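This briefing is intended to be read alongside the sequence and the three-dimensional model. Please keep both in view.

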Amino acid sequence: MNNLIIRCRLFGIPTSIHPSVFLILLLLGSGMSASGSVDVSVMLFFVVSGLLCLISHELGHALTAKLGYGAHPQISIAWLGGVTETDQAPPTRALALMMTLAGPLATLLPGLVCILLLGAQIGSVGTALGWTAYQVLPFDWGAPLLESLGDLDAALRIEEQNRALLLFYLITNMIGLFWCVLNLVPALPLDGGHVCAMLSRSLLTAARVGVVSGAVAAVLLGWYTQSVWNLLLFGWLAYYNYKLMRHFSGR
């Protein structure tokens with residue numbers, strides 16, 4: 001399978017993409033809708049959007065390291081995540097925090113580009129933002145945004161747009177938002193967990209916080225989204241941090 005690895009340079013940064021990424025994204029995309037011809041479109045859009053968000057995430061880390069302190073990073077993306085390695089560590093804690101947070105924030109960029117493109121098509125970026133929020137966020141959050149940012153005439157023009165393109169815009173924003181929020185959860189090995197470790201200057205403290213945040217996220221998101229996937233994902237994070245906590249405490 002190593003022969004199928006995609007190797008390229010993005011903004012001068014060596015990047016490798018393992019074929020396992022496409023397999024995982026296809027599996028996740030296949031569970032987004034019922035069977036039928038639409039599933040193929042959803043799966044393909046999910047793969048493209050997911051890959052764009054994963055690449056943007058790692059480029060956020062890598063470009064911050066490259067431009068921030070002259071490091072020479074390289075990116076490896078496999079399964080459902082990526083790793084950015086550099087030839088030197090950040091010289092200050094502020095740069096380390098900036099590099100860590102740049103990843104989750106950069107994950108939102110593909111979705112923001114989609115909002116700008118939709119805004120250009122209908123003549124109102126505010127309406128595009130409000131409509132996307134209405135579709136992606138919970139109703140209690142999205143509806144007020146659409147009402148405050150949206151323009152009725154522009155909102156009506158959205159219905160005239162290409163439905164496949166609108167679906168791609170929505171999936172890209174859904175993945176980007178979920179991946180950003182996920183990585184900001186203060187649980188190791190996520191970016192939020194590393195931020196917690198840097199701020200507390202203690203891996204033990206970060207692991208303790210990770211146990212609580214992982215368990216809370218598992219219960220709340222598992223209940224709210226009715227998703228076994230979210231329950232298992234955050235439940236695993238809580239267990240992983242519990243094992244780290246025992247290791248760092250010497251138990």
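The points below cover the sheet, the helices, the nonpolar cores and a database annotation.

This is a predicted model, in which local features need pLDDT of at least 70, side-chain atom pairs count only at pLDDT 80 or more, and totals for chains, interfaces and linings use all residues. Residues are numbered from 1 along each chain as its sequence is written, and side-chain values use heavy atoms, with hydrogens and water left out.

**The sheet**

- Four strands form an open sheet in the order 1-2-3-4, with mixed pairing; strands (E, at least two residues) and helices (H or I, at least four residues) are DSSP runs numbered from the N terminus, and two strands pair if DSSP finds at least two bridges between them.
- Strand 1 (6–10) and strand 4 are the edge strands, each pairing on one side only.
- From one strand to the next, the twist averages 20 degrees.
- Strand 1 and strand 2 run antiparallel and are joined by five bridges; C8 has T15 in strand 2 as its bridge partner.
- Strand 2 (residues 13–17) and strand 3 run parallel, with three bridges between them; S16 has S76 in strand 3 as its bridge partner.
- Strand 3 and strand 4 (residues 81–85) are antiparallel, with five bridges; I75 is partnered by T84 in strand 4.
- The hairpin of strand 3 and strand 4 has two residues between the strands, and W79 takes a positive phi near 55 degrees there.
- On strand 3 (residues 74–78), I75 and I77 make up the covered face, whereas Q74, S76 and A78 make up the uncovered one.

- S56 is found in helix 2 and is buried, with a relative accessible area of 15%; buried means under 20% relative accessible area, exposed over 50%, and partly exposed in between (1.4 Å probe, protein chains only).
- Leaving aside neighbours within four places in sequence, S56 is in contact (heavy atoms within 4.5 Å) with A106, T107 and P110.
- The buried residues of helix 3 include L95, L97, M99 and A106.
- The 14 residues of helix 3 (residues 93–106) should span 20 Å at 1.5 Å a residue, and the end C-alpha atoms are 20 Å apart, which agrees; the expected span is 1.5 Å times one less than the number of residues.
- A120 lies in helix 4 (residues 109–122) and is exposed, with a relative accessible area of 63%.
- The C-alpha atoms of A120 and E160 are separated by 14 Å, the two residues being 40 apart along the chain.

**Nonpolar cores**

- The largest nonpolar core has 40 residues, of which V21, L118, L182 and F234 touch the most other members. A nonpolar core is a set of buried Ala, Val, Leu, Ile, Met, Phe, Trp, Tyr and Cys residues joined through side-chain atoms within 4.5 Å.
- Helix 2 (residues 37–69) supplies the largest share of this core, ten residues.
- Another core, of eight residues, lies apart from the largest one and includes A206, A207, L244 and M245.
- Beyond neighbours within four places in sequence, F234 is in contact with L182, V185, G214, A217, A218 and L221.

**Database annotation**

- The unreviewed UniProt entry gives the annotation "transmembrane region" for residues 12–34 and 166–190; such annotations may be inferred rather than shown by experiment.
- In the model, residues 166–190 are 76% helix and 0% strand, with end C-alpha atoms 30 Å apart.

Methods
Axes are lines fitted to C-alpha atoms, for helices over the stretch in contact, and angles run from 0 to 180 degrees between N-to-C directions.
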